[in-house]
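Subject: A structure to look at

Hello,

Here is the structure I promised to pass on to you. Please open it beside this email and follow along as you read.

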Amino acid sequence: MRRTRRKARRGVAAIVMIVMLLILDLVVMVMVLGGARDQDLTVRRVETVQAFYAAEAGLNMAVREVMLDDDEDGDGTAGAISDDDDEGNDPTFGNAAVHVAMAMEAEGTVLTSHGRAGQARRRLEATFSGSAGAGPNGLAASYFIDDGSPAALADIDWTADPDAVGVVSVLNWPRTSDATPFWVGGPNNNYGAEFAGTITIPDTGSWTFYTESDDGSKLWIDGSEVVNNDGLHAMRERSGAISLAAGPHDFMVRFFERSGNHGLIVSWRGPGVPGRTVIPAEALSH
């Protein structure tokens, strides 16, 4: 009888021990699973932070491109950040990638930055009330002294280092005598001047541009010649028309003077500007 009781007690103890071991195994399993979950949460948190900072860095780069009107990442558009290499992959910041798109909306220029790291995604936006490429008002001016007697714009070495630089608000110099230098400290004769930057077109449509100059001048928009008023001549006006979408466009005027009187006036006419008007400073930037 005693042996039977002892066996029963041992059986209960064994069952209790097995149950305790099962509970211990369950506790260990819960701890392991909890650690894995915590580790997964940590990875996700890190990826979220990486995605956010990639989106922020990309947006900052795009804002810089817009303000400088310069395609610094070489993707073909000032303000967009994407496909930065030959493999067609978006640029990366650490372990995260970023893509910034630019769009012209009614409220202005909208930059949308998408950062991604692992499974994390973050999206940031910036809106400019003005137009992309709109830097400080006025055009960047470069002046070139010519050692010969130029008879056309091609006679000026536009690739040389300029003899002087500056900024002009508008291109409006009526004809004046050769006793008045075209720029401060410049010569009266035998020189060229280049004015470059961005012109902001207020409304889509057909626009006519005019250069009135003594001597020759030309005007380009987005790299296309619009007005050809080249050669030796007294104050003379020439014009050209071009269809343009509203927004910013590359803009450049070149002018040269050989001798005698000199002057340069650049005007426009288009939707909302019915008469020939000197292009205002607020439409020009560099």
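Predicted model: local features only at pLDDT ≥ 70, side-chain atom pairs only at ≥ 80, totals over all residues.

Residues are numbered from 1 along each chain as its sequence is written, and side-chain values use heavy atoms, with hydrogens and water left out.

Let's begin with the rings. A pair of aromatic rings is described by the distance of the centres and the angle of the planes. Rings of Phe, Tyr and Trp (its six-membered ring) pair if their centres lie within 6.5 Å; planes under 30 degrees apart count as stacked, over 60 as edge-to-face and the rest as tilted. By this rule there are eight aromatic pairs. In one of them, the ring centres of Trp183 and Tyr191 are 5.4 Å apart and the planes stand at 85 degrees, so this pair is edge-to-face. Trp183 and Tyr191 are both buried (under 20% relative accessible area, with exposed over 50% and partly exposed in between, using a 1.4 Å probe and protein chains only).

Trp207 and Trp268 make a tilted pair, with 4.8 Å between centres and 35 degrees between planes. Trp207 belongs to strand S9 (residues 205-214) and Trp268 to strand S14 (residues 262-270), so the pair links distant parts of the chain, 61 residues apart. Strands here are DSSP runs (E, at least two residues), numbered from the N terminus. Trp207 and Trp268 are buried as well. Ring pairs also link Tyr143, Trp173, Trp183, Tyr191, Phe195 and Phe255 into a cluster.

Two rings have a charge over them (NZ of Lys or CZ of Arg within 6 Å of the ring centre and within 35 degrees of the ring normal). Arg254 lies over the face of Trp220, 5.8 Å from the ring centre, and the charged end of Arg276 sits over the ring of Tyr210, 5.4 Å from its centre.

Now for the serines. Ser213 is in strand S9 and is buried, with a relative accessible area of 0%. Not counting residues up to four places away in sequence, Ser213 touches several residues, including Asn229, His233 and Phe255 (contact means heavy atoms within 4.5 Å). Ser217 is found in strand S10 (residues 217-221) and counts as buried at 0% relative accessibility.

Enjoy exploring!

Key. Helix = DSSP H or I, 4+ residues; strand = E, 2+ residues; numbered from the N terminus.
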